[in-house]
Amino acid sequence: MTTTEDNTTAELRAELAELRAQVASLSQVAQSAHDRGAIENLFSRYMHLHNAFEDEQIIPLWVSRGTEGIRARYTNAGEYTEYDSVIRYHQGRPRPVGKLILHATTTPVIEVAADGKTAKGVWLMAGTESGLTDPEVAKGFPDMYSPNLVQGKKVWAHWVWCKYGIDFLKQDGEWKIWKFRCYELARAPFEENWVSFGEKNQGAFDLDLMYFGDDGKPVFMPKADRPVPSENHPYSPSTVQKLEPVPPVPHDTFVDTFFD
């Protein structure tokens, strides 16, 4: 083989190696984009089901039983660290007549770890919640209700704003919810602004109230597995806003940033 042929062969090998590297890099980018879309669809599906009171269908969206590190935190009342206690939140949820929940999530920041095994996402949520409550039951929560009765019942109609910090795990090729944290930012009855309501509602986030069920009767959270290590409090006119949860940044492998 001549020197010219040797040079040509070397150049072809170098070009082939470069093309292989480009294909590998583009494959990684394509997989990451696919994963990001799947994760956004997963959480959007979660919210559509939650809005329709179809929480039993949410259960398969979570990681499988026995997965290490499963977590859920909704209020300051406690943290859930076992599969059964996490899933209990979605079991037996009533579908009260006249109740509306419409939570719309937006502004996602989603980062898939470079190893492709986990991902992190944050969302904002703006929504409305409403329902009817038996007047006797309503006496226990006097600040929540509108002044007029509908069908002889008290009306609660609220604006609500939350933030979510969620970790995802890929299991058997599918993305699943692994760690879920809700940060309530603010809420207000329809007739009242969130500033005055926030001034008097700070203690509500410390309670273990889960939602209002049939006839507006309170349904409480399942017993927590452990206390929260740090508290989150919704908006108050006496506090300064902070960046929590911090939107995820590119990372190589899982780092716990939503649970302390």
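Student: Which residue in β7 stands opposite Leu169?

Tutor: This is a predicted model, in which local features need pLDDT of at least 70, side-chain atom pairs count only at pLDDT 80 or more, and totals for chains, interfaces and linings use all residues. Numbering starts from 1 along each chain as its sequence is written, and side-chain values rest on heavy atoms, with hydrogens and water left out. Helices (H or I, at least four residues) and strands (E, at least two) are DSSP runs numbered from the N terminus. Strand β7 (residues 174-189) runs antiparallel to β6, joined by 14 bridges, and the residue standing opposite Leu169 is Lys176.

Student: How many of the 19 residues of strand β6 are buried?

Tutor: Buried means under 20% relative accessible area, exposed over 50%, and partly exposed in between, with a 1.4 Å probe and protein chains only. Strand β6 (residues 153-171) is largely enclosed by the rest of the structure, because the buried residues number 14.

Student: What kind of pair do the rings of Phe43 and Trp123 form?

Tutor: Rings of Phe, Tyr and Trp (its six-membered ring) pair if their centres lie within 6.5 Å, planes under 30 degrees apart being stacked, over 60 edge-to-face and the rest tilted. The whole structure holds 14 aromatic pairs. In this one the centres are 4.5 Å apart and the planes at 45°, so the pair is tilted.

Technical notes:
Two strands pair if DSSP finds at least two bridges between them.
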